[in-house]
Amino acid sequence: MSGSFAPGRLLLGGDWSPEQWDPATWDEDVELLREVRANTVSLGIFSWSSLEPEEGRFETAWLDEVLDRLDMAGIGYFLSTPTASPPPWFSLAHPDALPVRPDGVRLTHGSRDTYAVSAPAYREASRRIARLLGERYGDRPGLRGWHLHNEYGTLDHGPHAARAFRAWLRARYGTVEALNRAWCTAFWSQGYSSFAEVEPPRATQYLPNPSQAIDFRRFSSDEMRAALREQREEIRAAGSQAPVTTNYMLPTWNHLEQWSWADELDVVSLDHYLDTAGPDAEAHVAYGSDLARSWSGGPWVLMEQNATGIKVDGRTLAKSPERMLRHSLGYIARGSQSSLFFQWRQSAGGAEQWHGALVPHAGRDSRAFRGVRRLGEVLESLAPVAALPEEGPLVEAEVGLLWHADGWWALETPDLPSAQLRYGEEQRATHRSFHRAGIPTDFVRPLADVSRYRLLVLTCQYPLSDAEVTWLEEYVEGGGHLVVTYLSGLADEHLHVATGGYPGRLRELLGVRGEEILPLPAREVVTLDDGTVAEEWTELLAATDAEVLARYTHADLAGLPAITRARRGAGTATYVSARWTQESRDTWLRAAAQELGIGPTLPGAAERGLEAVRRRGHGVDHLFLLHHGDRTVRVQAKGTDLVSGASAAPGLAVPAGGVAVLSLPPGTAARLLP
């Protein structure tokens with residue numbers, strides 16, 4: 001289980017691909033790594049054809065030389081199993097191990113991720129290469145950990161997947177009768193007489209069965225997790241006890257159920273690529289960081305980010321060195337033990353030759369490389385931050401946001417009342433509101449202990465099981481304050497809609513009954529009587545046992561409830577039936593937190609563009625101050641800035657675009673000066 005990764009320092013470096021370069025470049029790279037104070041690289045991610053150029057024939061001398069150079073220079077490494085990119089000989093020898101798309105087309109070799117994860121030949125070849133690496137390199141002095149595979153997420157709909165899917169369904173449901181009930185196969189004459197008739201959800205005449213679709217996503221996550229577990233066991237059998245990780249991927253696609261994957265890892269690692277170059281980029285850094293820390297249960301590893309660019313609408317927009325520094329510290333403030341990048345040296349050829357890198361095509365004499373040198377200096381000064389607290393969380397939060405992949409996958413099923421709502425975007429919108437208010441948040445796993453959260457928010461969690469409904473009821477009865485949005489609790493885990501009124505399975509807890517879901521036309525907005533503005537989603541709702549906090553004011557819904565609150569035991573359950581605009585969401589959630597006495601880390605900071613995050617350490621707190629605004633601010637506290645060495649007691653000036661990290665006695669307050 002993840003949660004206690006403590007490498008003794010903050011890690012700086014990136015994915016290094018020496019197989020693309022000659023030994024003279026290796027030597028130059030080691031020199032440049034030391035120049036910028038980099039202490040870690042990731043190796044071997046796409047090196048399968050270099051390690052095993054023919055089936056069963058291994059060539060490791062080049063990797064031996066590379067590791068010797070790194071060990072002599074005191075540079076550590078995550079060593080990868082290269083199974084995300086099988087070599088051409090494998091695909092030619094085992095064409096059945098190539099993935100099949102939902103439309104039945106079998107892909108051909110020529111890119112990365114061309115594998116069918118259920119294919120026996122692929123699984124055996126993956127175990128073989130993992131065994132080799134574990135036996136040969138498992139006790140190397142510079143080994144920081146094992147980086148298994150890369151960005152798991154290739155879905156296969158071919159015959160091997162079909163066989164494995166049937167076995168998974170048999171284990172889940174036991175009988176075909178139970179499967180038919182779970183999938184509601186009486187609809188459209190889909191009843192199965194045996195598991196042998198079941199196929200993966202492939203392209204079909206019209207709409208697929210949503211229960212089948214979500215079960216296939218669950219199966220695919222479990223099947224990839226089984227493949228990861230096999231590699232881990234080969235490495236452990238070889239005697240290596242180095243920490244094991246694999247890199248999750250955000251923000252736009254999600255093929256893993258992250259909580260169960262974290263149970264298999266010593267530490268969660270994340271590849272995080274921003275999708276906006278505007279002010280929301282900083283909120284996105286916080287979103288990815290809070291997710292990774294929550295999944296990992298503590299410290300985590302930022303395995304990849306882009307050093308110089310942000311891809312938006314087919315363009316790579318510039319990320320300045322100053323912004324790269326602030327983003328790197330934003331990840332670390334929220335629990336990352338590293339600032340690692342893809343990639344170390346920008347490739348001269350291949351499909352990602354224009355991807356950003358720490359050493360750009362222009363080389364050492366460049367703005368980008370000078371920015372990396374500055375990052376190395378700052379991270380060296382922040383060495384004490386890597387130490388973990390003796391007990392308790394890295395970041396203390398009183399707000400929890402429920403996250404589960406089922407919600408993501410459920411909203412990807414077709415023919416919902418609105419196809420415009422996406423789980424990731426809705427979760428980001430809620431998280432963004434708290435980030436803009438400067439209020440720390442955690443993401444929480446269903447059925448976890450949430451007693452420490454004074455406020456728990458469910459955003460578009462469409463399916464809920466019986467156990468999850470009971471869990472929420474007990475949280476509220478015990479004194480918790482729950483906020484539930486539209487598109488939550490409408491169905492059970494099989495995506496069967498709960499009849500009798502919306503929001504279905506949470507109707508009794510929330511004290512409401514909805515008759516109709518009424519999406520709004522594109523670009524239409526409506527105003528509630530509390531002044532907040534809604535778009536995209538409204539509902540015809542009645543309060544059966546709840547106080548009305550806000551009402552609709554438009555058309556047929558005028559005067560009817562929009563936001564309600566029910567008292568249950570020692571707590572409250574609030575229902576939000578309309579989709580707010582971002583500004584209204586910000587206003588309402590900030591007020592809801594304030595009503596419970598939940599405030600920002602540094603009052604007044606967010607309004608001035610200053611991001612303040614408190615990371616707990618070993619007998620000390622570290623207050624990260626990341627200034628995204630345009631005017632100098634001054635912060636006063638009984639502590640010292642680790643970056644500049646200056647005391648904050650008289651007031652520390654943080655210039656626009658600047659950073660500071662105050663080392664404070666635990667619990668010591670800080671304040672903004674006029």
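Q: Is Arg323 buried or exposed?
A: Arg323 is buried in this predicted model. Its relative accessible area is 12%. The cut-off for buried is under 20%, so Arg323 falls on the buried side.

Q: Which residue does Arg323 form a salt bridge with?
A: With Glu282. The closest N and O atoms of Glu282 and Arg323 are 2.8 Å apart.

Q: Where do Glu282 and Arg323 lie?
A: Glu282 lies in helix H10, residues 280-296. Arg323 lies in helix H11, residues 321-333.

Q: What does Asp290 do for salt bridges?
A: The side chain of Asp290 meets that of Arg334 in a salt bridge. The N to O distance is 3.7 Å. This pair links distant parts of the chain, 44 residues apart. Asp290 is in helix H10. Arg334 is in the loop between H11 and strand E11 (338-341).

Q: How accessible are Arg334 and Asp290?
A: Arg334 has 8% relative accessibility, so it counts as buried. Asp290 is buried too, at 5%.

Q: What about Arg590 and Glu607?
A: Their side chains also meet in a salt bridge, at 3.2 Å from N to O. Arg590 lies in helix H17, residues 582-595. Glu607 is in the loop between H17 and strand E23 (610-616). The pair therefore ties together parts that are 17 residues apart in sequence.

Q: Are those two buried or exposed?
A: Arg590 counts as partly exposed, at 27% relative accessibility. Glu607 is exposed, with a relative accessible area of 54%.

Q: How many salt bridges does the structure hold?
A: It holds 57.

Q: Which residues are linked in a network of salt bridges?
A: Asp222, Arg225, Arg229, Arg232, Glu233 and Glu264.

Q: New topic: strands. What covers the faces of strand E12?
A: E12 spans residues 399-402, and both of its faces are covered. Val399 and Leu401 are buried on one side. Gly400 and Leu402 are buried on the other.

Q: Why do the side chains alternate like that?
A: That is how a regular strand is arranged: side chains alternate between the two faces of the sheet.

Q: Which strands does E12 pair with?
A: One is strand E13, residues 441-444. E12 and E13 pair in the parallel sense over four bridges. Another is strand E14, residues 455-458. E12 and E14 run parallel as well, joined by three bridges.

Q: What stands opposite Leu401?
A: In E13, Phe443 stands opposite Leu401. In E14, Val457 does.

Q: On to the surface. Which residues gather in the patch of negative charge?
A: Glu473, Glu474, Glu477 and Glu508. Helix H15, residues 466-477, gives the largest share, three residues.

Q: And where is Glu508 found?
A: Glu508 is in helix H16, residues 507-510. Its relative accessible area is 62%, and it is exposed.

Q: Which residues make the nonpolar surface patch?
A: Phe187, Trp188 and Tyr206. The patch covers about 400 Å².

Q: What is the place of Tyr206?
A: Tyr206 is in the loop between helix H7 (176-183) and helix H8 (210-237). Tyr206 is exposed, with a relative accessible area of 55%.

Q: Two loop residues left. Where is Pro650?
A: Pro650 is in the loop between strand E26 (640-641) and strand E27 (652-654). It counts as exposed, at 54% relative accessibility. Pro650 and Lys638 are twelve residues apart along the chain, and their C-alpha atoms are separated by 8.8 Å.

Q: Then Thr83, buried or exposed?
A: Thr83 is buried, with a relative accessible area of 0%. Its place is the loop between strand E3 (76-80) and helix H4 (88-93).

Q: What separates Thr83 from Tyr115?
A: They are 32 residues apart along the chain. Their C-alpha atoms are separated by 8.8 Å.

Note on methods:
Residues numbered from 1 in each chain as written. Predicted model: local features only at pLDDT ≥ 70, side-chain atom pairs only at ≥ 80, totals over all residues. Heavy atoms only, no water. Buried < 20%, exposed > 50% of the residue type's maximum accessible area, 1.4 Å probe, protein only. Pairing = 2+ DSSP bridges. Patch = residues over 30% accessible without salt bridge, like charges linked within 9 Å, V, L, I, M, F, W, Y side chains within 5 Å. Areas by Shrake-Rupley, 256 points an atom, 1.4 Å probe, with all protein chains shown as cover. Salt bridge = Lys/Arg side-chain N within 4 Å of Asp/Glu carboxyl O. Lys, Arg positive; Asp, Glu negative; His and termini not counted. Charge placed at Lys NZ, Arg CZ, Asp CG, Glu CD.
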